[in-house]
Amino acid sequence: MILRLSLLTAALALSGCVHNSTDSALEVGANQVQIRQIQSRAFDTTDKTKTLRTVISTLQDLGFVIDKADLELGSITATKLDGYALRMSVTVRPRNAKQLLVRANAQFQEAAVTDPAPYQAFFSSLSKSMFLTAQNVD
Amino acid sequence: MRLLSLCGLALLVVGCQTGIPEDALALKPDSLERRQLESRRFAGGKEVDILAACSGVSQDMGFTTDESETKLGVLVASKTREASNAGSRFAVALLVGGNAANSMDKSQKIRLCIVVKPVAGKEGQEWVVRATFQRMVWNSYGQLTRLEGLNEPELYQQFFEKLSKSVFLEAQKI
């Protein structure tokens with residue numbers, strides 16, 4: 001009886017942790033606007049090439065190996081292996097006449113990173129390399 | 001018995017939540033040292049020639065190119081190799097058993113990224129070439145046993161020795 005109960009609660013607990021696996025394709029439940037705010041910063045520069053090169057060297061400083069780079073699209077993807085696999089894409093595009101918008105999204109093992117803290121750490125590192133302040137976007 | 005099932009439940013719940021390490025995206029105190037280990041300066045020539053020399057070294061070392069973006073000076077390559085000595089696996093299988101031999105490292109994928117960046121030099125244009133290596137290792141069961149960056153100084157020294165020769169050969173169009 002006790003064994004059955006504990007098996008049942010274990011099964012319930014497991015199912016509570018797992019959602020329909022195809023939901024992952026759309027990231028159902030994630031607030032799109034909030035996520036963009038967490039993952040984006042504006043910089044007071046219009047030099048896209050220089051910014052992309054700085055993103056690349058910051059990622060290398062953080063121990064990443066670059067996977068892909070595309071100047072026209074303004075996109076860099078890189079992976080860090082350190083007992084875990086952390087994969088990140090960073091895009092750079094014009095925001096307005098004086099600013100560029102840099103957006104990063106990361107995947108840690110098999111989950112999207114939605115916590116603001118890692119992105120703050122990344123933009124702080126990027127900011128130091130760029131000698132420019134990373135400004136929050138609305 | 002109840003305690004056991006409670007512990008089991010707790011483990012299940014905790015197992016569902018994995019967190020990214022706090023320092024994964026923060027610059028560490030040794031990042032300047034690592035940058036120096038992974039970078040060398042070259043003077044003269046054009047960026048595309050330096051990148052072509054890097055491509056030559058990568059091929060010399062048995063890598064195949066995965067990605068490249070010349071306008072950003074990026075070259076990404078990889079190679080798959082055996083991760084263990086076949087002889088030692090046989091010995092372990094004999095002495096300890098098949099399972100132990102199977103859980104030894106079997107194959108590895110090594111990835112290399114080379115980035116060329118222009119910098120102002122004392123006598124004109126100079127280039128900083130930065131290389132980073134990482135690898136993934138699997139055992140015979142197909143399980144990933146290692147995910148790591150490669151940090152041995154000798155690896156980078158040898159890489160840049162080869163690159164110096166390659167830059168020279170590239171300049172001579174060999």
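F133(B) has a relative accessibility of 4% and therefore counts as buried, a label that applies under 20% relative accessible area, with exposed meaning over 50% and partly exposed in between (1.4 Å probe, protein chains only). The model is predicted, so local features need pLDDT of at least 70 and side-chain atom pairs pLDDT 80 or more, while totals for chains, interfaces and linings use all residues. Residues are numbered from 1 along each chain as its sequence is written, chains are lettered from A and ligands numbered from 1 in the order in which they are written, and side-chain values use heavy atoms, without hydrogens or water.

Turning to the rings, 6 aromatic pairs are counted over all chains, where ring centres of Phe, Tyr and Trp (its six-membered ring) lie within 6.5 Å and planes under 30 degrees apart are stacked, over 60 edge-to-face and the rest tilted. F63(B) and F133(B) form a tilted pair, because their centres are 6.3 Å apart and their planes meet at 55°. F63(B) is also buried, at 5%.

One joins R135(B) to the side chain of Q108(B) at 2.8 Å, and another reaches the side chain of E148(B) at 2.7 Å.

Definitions and conventions. A polar contact is a pair of N or O atoms within 3.5 Å; within protein, one must be able to donate a hydrogen and the other to accept it, and residues adjacent in sequence count only if both atoms are side-chain atoms.
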